[in-house]
There are 2 protein chains.
Amino acid sequence: MPTHFTLTYKDTLTKARLGLLQTPHGVLETPCFMAVGTQGTVKAMLPRDLREIGCQIILGNTYHLYLRPGHELIRELGGLHKFMGWDGPILTDSGGYQVFSLAHMRKITEEGARFQSHIDGSTHLLTPEKAVEIQEALGSDIAMVLDECIPADAKRDYVRSSTERTIRWAERCLQARRRPQQLMFGIVQGGLFEDLRRSCVDALAALPFEGFAVGGLGVGEGEALLQSIGAFTVALLPEDKPRYLMGVGRPQDILAAVQAGFDMFDCVIPTRNARNGTLFTLHGRVNIKRAEFANDGRPLDQDCGCYSCRHFSRAYLRHLFMAGEILSAQLNTLHNLYFYQDFMKRCRQAISTGQSISWTEQAGLAVS
Amino acid sequence: MPTHFTLTYKDTLTKARLGLLQTPHGVLETPCFMAVGTQGTVKAMLPRDLREIGCQIILGNTYHLYLRPGHELIRELGGLHKFMGWDGPILTDSGGYQVFSLAHMRKITEEGARFQSHIDGSTHLLTPEKAVEIQEALGSDIAMVLDECIPADAKRDYVRSSTERTIRWAERCLQARRRPQQLMFGIVQGGLFEDLRRSCVDALAALPFEGFAVGGLGVGEGEALLQSIGAFTVALLPEDKPRYLMGVGRPQDILAAVQAGFDMFDCVIPTRNARNGTLFTLHGRVNIKRAEFANDGRPLDQDCGCYSCRHFSRAYLRHLFMAGEILSAQLNTLHNLYFYQDFMKRCRQAISTGQSISWTEQAGLAVS
C-alpha cells in the first residue's frame, strides 16, 4: 500500500502534529478544516471563491447526492469534481450519519440501513457495499466506511453490538473497493465507553485503511466528554495515518482536538451560522443582526483579510441580513469560511514554531 | 452647463446611436443596460462579479433605500457607492414608481405622494424636494425627478392633469438641487396620448436637465403601443442628451427601442428571471427546471463566456435549482447579467459597423 500521509512535524509539548495528505486531486496540509458541500455545493460559494479563501478540501454528502441528483447521474457526467466545478480534493461521508439524523423510518439490520427519503418518502437500503459503490461513482478522493452513529445516551449493550457491527461493515467496505486510488477511512465508534473505543480501534487498525475517523462525538455528550473520549481514542490510533474527528467544528473544540492529535475536521457551523448572521472573529463571535451595528461603518474585523471585511461595513452586512438579501449569505459565508481557513493556518504555524500551547490559550480565550 | 453626453456615431438607416456619458464615477458607453440593485445590492452578485461581467452602471431604488436602511444613514457612512462597495456609476430612481406599485394607501396631491411603507406601515410624504434630498444623500451619479407613473388604462383627463403636475414637480426638483456634479434626468409622461407626450417633451426639453427618460411604458399597454409611443416620444427629445426608457427590458423590446433612438435601459427581468430558473441565450430562453436537462452535460450556452457556462453543465444548474441551493441564484444571475451586457455590447458593435438592422433582425428572432 503506498504511503499517502507524511508526518512533517510533531509537537513536543502537546500531541499536535503537522502532516501532508496526498490525494488524487492534490496534497493537503493538516491539521485542516473541510467546508461542507452537502448537495454538490458549499452553500452560497462559487468554487473560485472557495479557492481564493484557501479551502484545501471539501466534504460531499453521500446521502444527499445519492437521493438527488443520484450517483449514477453524477458518474455519467464525469464525477462529482466535474459536476460541481471543484478540482481540489473531496471527501465523501458514507451517508450513515444522515440516515440517522434526516431520514424517516430507518431500520438497522446486519445487512445495512433501510430508510425512507426525507425528500419524497421513497424507500432505500444503504449497505456497506452500496455506500462504497455510491462513493466510487461520485469519484471522491477519500471515501468513508458505512457506520452507525450511536446517540450519546445509548446503553452499553446497544453500543457494544452496534460497534461490533460497524467493524463488520468496515470489513465489508474494504472488500467492496474497486477504485484503489480512492483513499478509504475507517470510523471508530464505541460511544462513551473507553474499552469499547479501544476494542474498535484494535479491530480497525489491523485493516488496510489509509486513515481513521472518530465518529459519534459532538452529538450531545457535552464538551468534557467530547474532549476526554476524543483524546483517549485518538491516542490509540496509528501515528502514521491521518486522524479525522467527524462533524466537530466549534473553533475551541478544534483547538483541543488538534492538541490531542487530530488532523482533519468538518462541520456545518461556519456556513450555517453565516446564513443565520453569526460571524466568527478572533475577537469573539458577532451577531450581525444586533441594532448596535446599524450605523457602524467599521469592517466586521479590521484584522481580517477576506473580501467581505476588505470592502463592507458592519452596517452594510446588517442591512443585507435585515433586508433578507442573498448577498448576506454570500458575504457572511465568505467571511466565516475564510476565518476557518485562516484559523487552521495559524494553528499550523503555531505548531511549526513550537507555540501550540500559547496559541491555543490565546485563541481559545478569543473564540469561546 | 458642461456637456456630459457625447454622441459618437449615428446610424444612417435607423435612429440608433452610440454615445459616451460622463458621470462622476466614470464614463459609460451607450446604448447600455443598467442592472437593478434595489436594496443596495444587485441580488446574488458580489460587486467584483458585476465588474467582471462588464456591468457599467447599476440602478438603486430610492424608495427602498429611504425606508431601509435610510438615506441619512447611507450619507453618514459615505454614500451609496461606499456603502455597497460599488465604485462605478449609479443611477437612482426617484421612488415614484415604487410608491405607485409597492406602497399602501398612497395619495397624490400637488405637494407630493403620501404613502404607507410596505415594510412597517409607517406614513411618509415623498415630495419632489424630498426625492432630490434623498438622492443627494445617496450620492448617486444620476438622479431622476419625481414623477407619477400613470396606469396604462388611465383616462385622458387624468393623464393630462397628472402629466402637468409631473412637469411642475420636475421644475421643483431642479430648484431643489444642491449637488451640481450629480446629473439629473427629467421624465416624460403623457400616457398613450401622443399630444400629451409632445407637450410634456416641449415643457421638459426647455429645462436644464442632463438627460431625459420616458416613463409610463411597459406597464401593461402591450408591445405595439410600447413601441409606437416609445418611438414617437424619443424622436421628439433633444438629440444631444441621453434618452432613457425606464423599466423596459425584454431583449426584443430593447432592440426596438435602440433602433428608435433610446440610449439607456433598466429592468429586473435578467435578475428576477434568473432566480426563477429562466435563462437567456442567443438561441432562445431556457427554463432550466425542465426534466430534459436532468442529465444534460452540456453548458447552458456553449457560445457564452460567462463563469457559469464555462464551468457548469445544464444538469448541474438544474440540480441546484431543484435542490433550492443559493448557488442556483448566483450562477443564474451571473449568466443572465453577462448575457445582457454581452447583448448590449453586440448591439453597439452592430451599430458601429452599420449592421444595426441585420443584427436586430437576427437577434430579435433568437430572443423572441
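Trainee: Which domains does the domain assignment of chain A give?

Mentor: Domain 1 (5–266) and domain 2 (268–368). The bounds come from an automatic or database domain assignment. This is a predicted model: local features need pLDDT of at least 70, side-chain atom pairs count only at pLDDT 80 or more, and totals for chains, interfaces and linings use all residues. Residues are numbered from 1 along each chain as its sequence is written, while chains are lettered from A and ligands numbered from 1 in the order in which they are written.

Trainee: How many residues of domain 1 of chain A are in contact with domain 2 of chain A?

Mentor: Two residues are in contact if their C-beta atoms, placed from the backbone, lie within 7 Å. By that rule, 27 residues of domain 1 of chain A touch 27 residues of domain 2 of chain A. On the domain 1 side, H10(A) gives the most, with five residues. Helices (H or I, at least four residues) and strands (E, at least two) are DSSP runs, numbered from the N terminus. That side of domain 1 of chain A divides into 17 nonpolar, five polar and five charged residues. Ala, Val, Leu, Ile, Met, Phe, Trp, Tyr, Cys and Pro count as nonpolar, Asp, Glu, Lys and Arg as charged, and the others, Gly among them, as polar.

Trainee: How do H8(A) and H9(A) cross?

Mentor: Two packed helices are described by the angle between their axes and the distance between the axes. Here, the axes of H8 (residues 194–205) and H9 (residues 223–236) of chain A come within 10 Å and cross at roughly 25 degrees. Axes are lines fitted to C-alpha atoms, for helices over the stretch in contact, and angles run from 0 to 180 degrees between N-to-C directions. H8(A) and H9(A) are therefore roughly parallel (angles under 35 degrees). Among the residues making the contact are Arg197(A) of H8(A) and Phe232(A) of H9(A).

Trainee: What relates chain B to chain A?

Mentor: Two copies of a chain are related by a rotation about an axis and a shift along it. Chain B can be laid on chain A by a turn of 180 degrees and a shift of 0.0 Å along the axis, with an RMSD of 0.0 Å. The copies are thus related as by a two-fold rotation axis. The superposition is by least squares on the C-alpha atoms of residues with pLDDT of at least 70 in both.

Trainee: Which residue of chain B comes closest to the rotation axis?

Mentor: Ile326(B), at 3.7 Å (C-alpha). The same surface serves both copies: 100% of the contact residues of chain B recur in chain A.

Definitions and conventions
Parallel < 35°, antiparallel > 145°, perpendicular 65-115°, else oblique.
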